[in-house]
Amino acid sequence: MQTLETPKTTPEFDTTIHRRQTRPVKVADVTIGGGHPVVVQSMINEDTLDIDGSVAAIRRLHEIGCEIVRVTVPSMAHAKALAEIKAKLAQVYQPVPLVADVHHNGLKIALEVAKHVDKVRINPGLYVFEKPSPTRSEYTQAEFKEIGDKIRETLEPLVISLRDQGKAMRIGVNHGSLAERMLFTYGDTPEGMVESALEFIRICESLNFYNIVISMKASRVPVMLAAYRLMVKRMDELGMDYPLHLGVTEAGDGEYGRIKSTAGIGTLLAEGIGDTIRVSLTEAPEKEIPVCYSILQALGLRKTMVEYVACPSCGRTLFNLEEVLHKVREATKHLTGLDIAVMGCIVNGPGEMADADYGYVGKQAGYISLYRGREEIKKVPEDQGVQELIELIKADGRWVEP
């Protein structure tokens with residue numbers, strides 16, 4: 001009788017995301033990079049001059065899981081207002097890691113705000129603003145160097161201030177605001193974005209400052225992906241290990257804004273790239289945080305809520321799957337760190353939910369089989385299913401009251 005040869009060992013497919021090794025950068029009591037969990041950020045949209053409104057907005061974000069909050073400082077008055085915001089936060093709530101966004105020609109503003117926040121974000125394309133010339137056809141090497149010297153002159157005091165205070169900087173390159181000389185030299189490309197960041201990084205390194213986070217944001221996902229991948233490649237070549245802040249800028253709102261952000265941020269995280277994220281939606285900032293955590297949970301990078309595994313329903317389903325899933329979710333959504341499977345029939349149920357902590361399976365009409373892992377624990381009437389699931393979780397000591 002003919003027999004088949006014993007198959008050769010098949011290489012294992014690795015299901016673990018191996019994150020790029022980066023240096024740790026402290027932002028108050030939160031650490032970005034260095035193997036720490038991916039950090040969630042957002043940005044308030046209140047005017048920073050509105051002290052009470054800003055404090056309330058920062059608190060709302062922090063209470064729902066935003067770990068670092070960014071504020072905008074377009075003027076010296078806004079920068080000074082941050083001293084009051086920080087003091088009031090500590091008085092009525094608690095200290096929150098704060099980042100200040102510094103805009104055009106921002107040296108004086110940056111130096112003031114560096115006294116009050118934990119990280120300063122600068123945009124290389126705007127920090128030393130180069131007014132575009134409609135008649136320019138090229139930049140000479142001398143002109144390029146002259147502007148580079150001006151950048152160093154204006155960046156150095158900020159770097160020294162942050163370095164001496166043990167604070168951090170984000171070098172935040174935006175595809176839509178590259179400096180004119182970068183556009184002339186490299187075009188409107190990821191290369192131009194990367195070189196723009198490297199110019200600022202080299203100045204920081206020459207001053208022995210390494211508490212740096214890099215971002216390479218774009219509103220088009222393919223450009224964003226290319227820019228971050230190229231940044232990683234160049235940093236690897238240069239022996240740099242700075243953590244990366246991921247985001248798709250101006251993603252929009254609604255379902256598409258969420259999908260667009262997930263396509264960019266999730267793709268890079270799956271490749272091991274990224275240490276902190278912000279989903280930029282044209283909605284209330286509080287709406288961004290659940291999207292961040294959903295992306296991280298889906299990739300297994302953070303476990304902040306219950307993971308629900310549910311089949312799509314078919315003709316074999318023995319109960320109203322959508323209705324039952326809703327009931328199970330409403331009863332258990334306040335828990336963390338659990339996987340709960342809701343399966344409509346026995347055909348695929350036990351196999352598809354093998355990795356779940358608990359299973360809720362339609363095994364025969366009118367009855368629910370409850371599982372702990374792969375083990376069937378009990379069969380109960382359908383109308384008692386959700387309560388019996390809760391009792392099972394309680395019996396295992398994994399229940400907390402809402």
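How many aromatic pairs does a search of the whole structure find? The search finds zero, where rings of Phe, Tyr and Trp (its six-membered ring) pair if their centres lie within 6.5 Å, with planes under 30 degrees apart counted as stacked, over 60 as edge-to-face and the rest as tilted. This is a predicted model, in which local features need pLDDT of at least 70, side-chain atom pairs count only at pLDDT 80 or more, and totals for chains, interfaces and linings use all residues. Residues are numbered from 1 along each chain as its sequence is written, and side-chain values use heavy atoms, leaving out hydrogens and water.

R181 lies over the face of F144, at 4.6 Å from the ring centre, and R329 lies over the face of Y308, at 4.7 Å from the ring centre. A charge sits over a ring if NZ of Lys or CZ of Arg is within 6 Å of the ring centre and within 35 degrees of the ring normal.

Y308 also meets T332, through a polar contact of 2.7 Å between the two side chains (a pair of N or O atoms within 3.5 Å; within protein, one must be able to donate a hydrogen and the other to accept it, and residues adjacent in sequence count only if both atoms are side-chain atoms). T332 belongs to helix 11 (residues 321–332); helices (H or I, at least four residues) and strands (E, at least two) are DSSP runs, numbered from the N terminus. T332 counts as buried because its relative accessible area is 1% (buried means under 20%, exposed over 50%, partly exposed in between, with a 1.4 Å probe and protein chains only). Leaving aside residues up to four places away in sequence, T332 touches V306, Y308, I340, I393 and W399, contact meaning heavy atoms within 4.5 Å.

S261 lies in helix 9 (residues 254–270) and is buried, because its relative accessibility is 0%. I295, in helix 10 (residues 288–298), is buried at 5% relative accessibility. Beyond four places in sequence, the residues that I295 touches include G266 and V279, and those touched by S261 also include G266 and V279.
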